[in-house]
Amino acid sequence: MTTVTFAQDWGVDSRTRIDMSGDNDKMVTNQRATLGATWGGSDWGLHVSSDVNYMLGGAAASMGIYEAYASADLMGYATVTAGRQAIDNGSGALMSSNQWGATRTTWDGMTFNLGLDMADVSLGYASYNGGEEGEEDQGNMWVNAGGEFSGWDVNVLYMTNTASDNAATGIDISGEVMGAGISASMNTDYDENTMRVIGLSYAVNDDMSVNVGQTVYGEDGAFSMAGTNLSGGWANGNMGYLGAGDEMLSYGLTYNMAGISMGATMNAVTSLDESTRDVMEISLGYSLNDNASLSVKYATDGNDD
């Protein structure tokens with residue numbers, strides 16, 4: 001007797017970004033809707049999703065494939081995934097899928113997830129060559145390892161690029177000490193520029209928590225990694241990477257009650273020339289049910305209203 005297990009799942013995600021910077025009551029609204037479906041069995045899977053982007057009152061909508069990949073189990077020792085994939089590793093400072101960008105980041109290649117007990121280890125490879133005369137390969141290889149060790153969550157990411165002689169590395173550590181959450185992220189890009197983030201959070205009660213953080217960039221050059229959540233600044237829904245030598249102090253609070261979540265964060269940036277930049281971020285979310293939620297985020301920036 002042969003038994004076949006088969007499952008199908010689908011999901012939809014809609015995101016709206018309104019740019020109100022500038023003069024004359026500017027309000028440019030961009031919309032993106034994603035529809036995806038997944039089919040799979042006990043040792044295989046297929047996933048396909050598409051994006052539809054359009055600007056309200058603007059040009060015609062554009063549509064394209066977001067993800068399309070297949071995965072299979074390799075005799076219980078590993079899982080291989082091949083095709084176009086959105087990948088987020090570690091803090092996302094080096095490798096992330098740019099979820100709020102108009103064009104999200106995907107990788108056309110293969111990922112091997114090793115079935116190890118001590119840590120979650122994945123190996124990845126992505127390459128492109130258009131076949132033109134003299135054209136060189138554009139490729140990346142990466143190794144990501146994450147796990148829990150003595151109560152601390154640790155993630156290590158190592159990336160290489162055919163266009164650079166140097167590797168990019170990221171180390172993320174988080175845990176709890178005396179009821180307070182502590183986190184640290186140390187990153188180096190392909191040009192050996194550095195970015196360090198340290199955070200501390202504390203739960204005042206079951207519903208409210210406060211947090212503080214410090215972000216420091218190296219003075220030798222501007223830290224940057226293409227295609228990440230931070231690479232596009234406010235076009236990707238956040239402040240983005242800061243300049244060389246910049247330091248940022250962040251403090252905020254979050255409150256959750258009966259499916260409603262609220263948050264507020266103040267960011268104060270100081271540059272090498274002692275100029276300052278203040279950024280405020282406010283978020284509000286509501287969980288409609290187990291399958292759907294709604295959220296909104298509002299930001300003001302001293303450099304861009």
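In this predicted model, the largest pocket is lined by 38 residues, and those nearest its centre are Thr16, Arg17, Trp100, Ser295 and Lys297. Its volume is about 1,400 Å³. Strands S1 (7-19), S2 (28-40), S3, S4 and S17 (293-301) each contribute at least two residues to the lining of this pocket, with S1 giving the largest share, 10 residues. By class, the lining of the largest pocket comprises 15 polar, 13 nonpolar and 10 charged residues.

S3 (residues 44-55) pairs with S4 (residues 62-74) in the antiparallel sense, over 10 bridges, and Val48 stands opposite Ala68 in S4. Six residues lie between the strands of this hairpin, where Gly57 takes a positive phi near 80°. S4 in turn pairs with S5 (residues 78-85), again in the antiparallel sense, over seven bridges. Here Asp73 stands opposite Thr79 in S5. The hairpin of S4 and S5 has three residues between the strands, and Met75 takes a positive phi near 55°. A further contact of charge and ring involves Tyr66: the charged end of Arg104 sits over the Tyr66 ring, 3.6 Å from its centre.

The second largest pocket has a volume of about 950 Å³. Its lining counts 39 residues, of which Val197, Thr215, Leu230, Met248 and Ser250 are the closest to its centre. Two or more lining residues come from each of S10 (168-177), S11 (180-188), S12 (194-203), S13, S14 and S15 (260-270). The lining of the second largest pocket divides into 21 polar, 15 nonpolar and three charged residues.

Turning to the aromatic residues, the count comes to three aromatic pairs. One of them joins Phe223 and Tyr241 in an edge-to-face arrangement, at 5.4 Å centre to centre and with 65° between the planes. Both residues lie in the loop between S13 (208-217) and S14 (247-257), so the pair ties together parts that are 18 residues apart in sequence. Phe223 and Tyr241 are each buried, and together with Tyr217 they form one aromatic cluster.

Note on methods:
Residues are numbered from 1 along each chain as its sequence is written. This is a predicted model: local features need pLDDT of at least 70, side-chain atom pairs count only at pLDDT 80 or more; totals for chains, interfaces and linings use all residues. Side-chain values use heavy atoms; hydrogens and water are left out. Two strands pair if DSSP finds at least two bridges between them. Helices (H or I, at least four residues) and strands (E, at least two) are DSSP runs, numbered from the N terminus. Rings of Phe, Tyr and Trp (its six-membered ring) pair if their centres lie within 6.5 Å; planes under 30 degrees apart count as stacked, over 60 as edge-to-face and the rest as tilted. Buried means under 20% relative accessible area, exposed over 50%, partly exposed in between (1.4 Å probe, protein chains only). A charge sits over a ring if NZ of Lys or CZ of Arg is within 6 Å of the ring centre and within 35 degrees of the ring normal. On a 1 Å grid over the protein atoms alone, a cavity is a set of points where a 1.4 Å probe fits but cannot get out, and a pocket is an open set with protein on both sides within 12 Å along at least five of seven lines; lining residues have an atom within 4 Å of a point. Grid points are joined across faces, edges and corners, and a volume is the space filled by probe spheres set on the points. Ala, Val, Leu, Ile, Met, Phe, Trp, Tyr, Cys and Pro count as nonpolar, Asp, Glu, Lys and Arg as charged, and the others, Gly among them, as polar.
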